[in-house]
Amino acid sequence: MPLIVRDHTWTQNQNTVYISVPLKGVKTANVHVICTDEYLKVSFPPFLFEIFLFGPINEEKSEARIGNGVAVFTLQKRTDELWEQLFTNIDKDKQKHIREQAILKVQEKEAEKSKAKATRIQQEKKYALETMMKLENEERDRIQKMKDEECAKATAQLDFWRETQRKTAEENENQQKLQRTGTNNNQLVYQKTERANATPAVTLLHNTGNTTSGQISRKQKPKDLPAPRSAGCIKISFTPRVFPTALRESRVPEEEEWLKKQAEARRAVDTDLAELSDLKEEERNPDWLKEKGDKLFMAGNYLAAVNAYNLAIKLNRKIPALFSNRAACHLKLRNLHKAIEDSSQALELLTPAVAANAPARLKAHVRRGTAFCELELYVEGLQDYQAALDIDPHNVALQADTDKIREIIQGTT
Amino acid sequence: MSSTLEKPQIIAHIQKSLNYTVFDSRWIPCSAKFVCMGNFARGTGVIQIYEIQQGELQLVKEIEKAKPIKCGTFGATSLQQRHLATGDFDGSLNVWNLEMPECPVYSVKAHKEIINSIDGVGGLGIGDGAPEIVTGSRDGTVKVWDSRQKDTPVVNMEPMEGETKRDCWTVAFGHAFNDQDRCVCAGYDNGDIKLFDLRNMSLRWETNIRNGVCSVEFDRKDINMNKLVATSLEGKFHVFDMRTQHPTNGFASVSEKAHKSTVWQVRHLPQNRDVFMTAGGAGNLHLWKYEYPAQRTKKDADNVDMGVAGSVNLLQNVTLSTQPISSLDWSPDKQGLCVCSSFDQSVRVLIVTKLNTV
């Protein structure tokens with residue numbers, strides 16, 4: 001419960017009331033004043049001073065001075081009259097009502113003040129922004145003006161130059177005309193002087209003087225040009241690349257894939273088969289076996305070659321050359337179905353189709369095509385020969401074979 | 001701010017929109033006129049002559065021909081005659097007298113496919129020797145023509161038998177410092193650059209810059225070859241120092257990546273051989289200056305001379321259009337004046353200022 005202060009003093013005149021409230025030792029910072037038009041409350045814990053004023057006052061025009069241990073309030077009356085006493089006696093409910101109103105009013109005022117402050121800040125910001133923009137615009141205009149000046153200067157120079165060009169062109173023409181008439185005069189005078197036979201040297205000199213002046217900017221004699229060059233031919237070749245295409249045409253992703261596959265095939269040696277335990281070291285190498293197989297094929301020993309290739313394939317299923325060569329062996333042995341299977345396997349391994357594996361694919365297609373034809377499946381054979389021809393359009397033997405197959409098909413249908 | 005305004009400025013002085021696709025534009029020497037070559041939408045070729053008058057372009061003459069025209073040069077005619085040599089889409093080389101364009105002065109079916117690039121040397125009072133024209137075509141051959149010899153080229157650079165041919169995209173003359181020596185440099189679409197010596201009738205040097213070569217130019221045609229700039233796809237260009245050839249490493253070079261798109265053209269300033277402009281596929285132009293190194297040659301491990309490349313500085317750049325700028329030509333008479341044409345069917349006259357202080 002705060003202590004109610006009652007030892008205040010007050011004086012008045014027609015339009016103002018002066019109230020002085022002793023602060024009883026409380027610091028000025030802790031003094032809190034609420035004042036409305038009919039109510040004044042000063043709270044400085046633990047003290048409290050409140051009065052319900054006798055008459056209405058103008059709160060905005062009133063002022064409070066807090067300091068030196070006393071709070072002095074100068075309240076402007078609304079109506080000019082002398083008050084009998086400072087406060088009115090009103091009942092408790094009215095008091096409460098007035099108190100509440102006072103608090104509300106104070107809150108409103110605070111809200112208004114903060115709003116006003118906010119708008120003021122925003123306006124100031126806007127102003128700052130506008131001035132900045134104006135400054136930047138000015139800067140930009142200045143630069144633009146300088147640029148335009150440069151442009152105008154250059155244009156003026158250009159026009160001037162063009163005029164001088166034109167003038168020199170006209171002058172040249174005039175001099176040409178002069179020269180022509182000069183030469184005519186020269187001839188006439190020469191003839192005259194020949195006939196007259198009088199001081200030819202002087203008159204001739206005079207005329208040559210004219211002609212030389214007309215020749216200042218023109219070469220009379222045409223330059224002697226050297227003869228046309230004797231014909232030559234230079235043969236050139238273009239830069240080879242691993243894949244002979246320009247960077248922009250390169251089918252690099254596919255080519256990379258093919259190279260990776262090759263590398264993997266080299267590595268995919270499957271060595272944990274039981275039968276291999278009794279093989280010699282060199283016989284475990286698929287390359288060595290392939291070479292063995294090739295030699296046997298050339299020697300004509302096709303069964304042995306097939307064996308070699310079988311072993312190599314068991315070791316490494318990923319090398320297309322093994323399947324392709326085994327297909328060739330089967331072709332020679334007339335195991336046509338096996339030949340077809342093997343060349344199909346080889347072709348599967350030879351994807352993606354790039355320039356690097358073109359010859360291998362060519363061989364595989366040709367072998368499969370031959371096998372089909374031997375089996376009298378000419379249509380499938382033609383397809384394979386056609387694919388081979390796509391890879392190598394300039395192969396004459398291939399073309400001849402394809403045509404033959406086509407004739408056979410057309411002959412039988 | 002002042003330092004940026006002391007740099008050369010590229011000012012678009014005049015811009016004119018045309019009603020045809022323009023492939024090449026060239027100044028007529030000793031005049032304020034230039035020629036634009038291209039093709040109409042109806043598939044015929046056109047040559048138009050414009051003159052600059054009071055800040056505007058006036059059409060002086062329009063000549064229509066049967067086949068679209070791809071490129072042209074004044075390089076091989078005398079200053080008095082000023083005949084224009086053009087290459088068209090059909091592979092024909094024609095030399096026209098622009099005063100009487102009905103019938104060509106010289107005409108030959110040079111190539112089987114479109115002539116991509118043409119250059120001339122020996123004319124315009126520059127250099128010595130016979131005036132010659134070189135053409136490079138999509139059929140992979142480069143041929144040198146002399147207008148006094150009918151029907152057959154004086155030199156033919158063609159692929160060997162059985163070689164897959166690559167398109168030749170650009171050709172340039174150089175090293176024509178007396179009447180015997182000449183060099184032709186050709187750039188191909190697989191990135192090959194080949195330098196042919198016409199005095200010895202041989203291939204003097206070749207290299208590959210991995211991306212198709214769009215344009216090559218020597219800094220001067222009529223001196224002992226000094227520098228060569230080659231521009232390519234993917235925004236790169238290379239500057240080769242041509243004074244010192246190493247037996248294995250060839251010529252020293254410095255390369256620069258600019259434009260972020262194909263660099264379509266390079267042209268050296270006629271008045272200063274170390275300043276050149278590159279035109280890019282995004283419609284932008286970059287002005288460069290080459291700085292020589294302290295020593296242009298050095299000895300390698302085996303005490304053989306090899307060249308040292310310098311450095312390239314960007315002086316200025318400007319974006320003029322959204323379409324590639326396909327051709328660029330400096331005026332030989334007024335420093336800083338140039339004409340450029342781009343694929344947005346427009347031709348622009350530009351002024352580059354402050355080149356005398358560069």
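I count a residue as buried when its relative accessible area is under 20%, as exposed when over 50%, and as partly exposed in between (1.4 Å probe, protein chains only). By that rule, buried residues make up 29% of the 413 residues in chain A.

**Ground rules.** I am looking at a predicted model, in which local features need pLDDT of at least 70 and side-chain atom pairs count only at pLDDT 80 or more, while totals for chains, interfaces and linings use all residues. Residues are numbered from 1 along each chain as its sequence is written, chains are lettered from A and ligands numbered from 1 in the order in which they are written, and side-chain values use heavy atoms, with hydrogens and water left out.

**Chain A by itself.** I looked up the secondary structure, taking helices (H or I, at least four residues) and strands (E, at least two) as DSSP runs numbered from the N terminus. Chain A comes to 10 helices and nine strands. I then turned to contacts, meaning heavy atoms within 4.5 Å. Of those in chain A with a separation of 6 or more, 55% are between residues 24 or more positions apart.

**A stop at H365(A).** This histidine sits in helix 8 (residues 358-374) of chain A. I list H365(A) as buried because its relative accessibility is 13%. Leaving out residues up to four places away in sequence, H365(A) touches L347(A), D384(A), A387(A), A388(A) and I391(A).

**Where A meets B.** I find 38 residues of chain A in contact with 64 residues of chain B. In chain A, R229(A), I234(A) and F238(A) lose the most area to chain B, together 21% of what that side buries. Buried area here is the accessible area (1.4 Å probe) that two parts lose on being put together, summed over both. For chains A and B that is about 4,100 Å², 60% of it on carbon and sulfur atoms.

**Strand to strand.** Two strands pair if DSSP finds at least two bridges between them. Strand 9 of chain A and strand 13 (residues 155-159) of chain B run parallel, joined by five bridges. Within this pairing I see K235(A) opposite E158(B).

**Charges across the interface.** My salt-bridge rule asks for a side-chain nitrogen of Lys or Arg within 4 Å of a carboxyl oxygen of Asp or Glu. Chains A and B share two salt bridges. One of them joins K235(A) to E158(B), with the closest N and O atoms 2.6 Å apart. On the chain A side, helix 1 (92-196) and strand 9 (232-236) are the elements giving two or more residues. Helix 1 provides the largest share, 15 residues.
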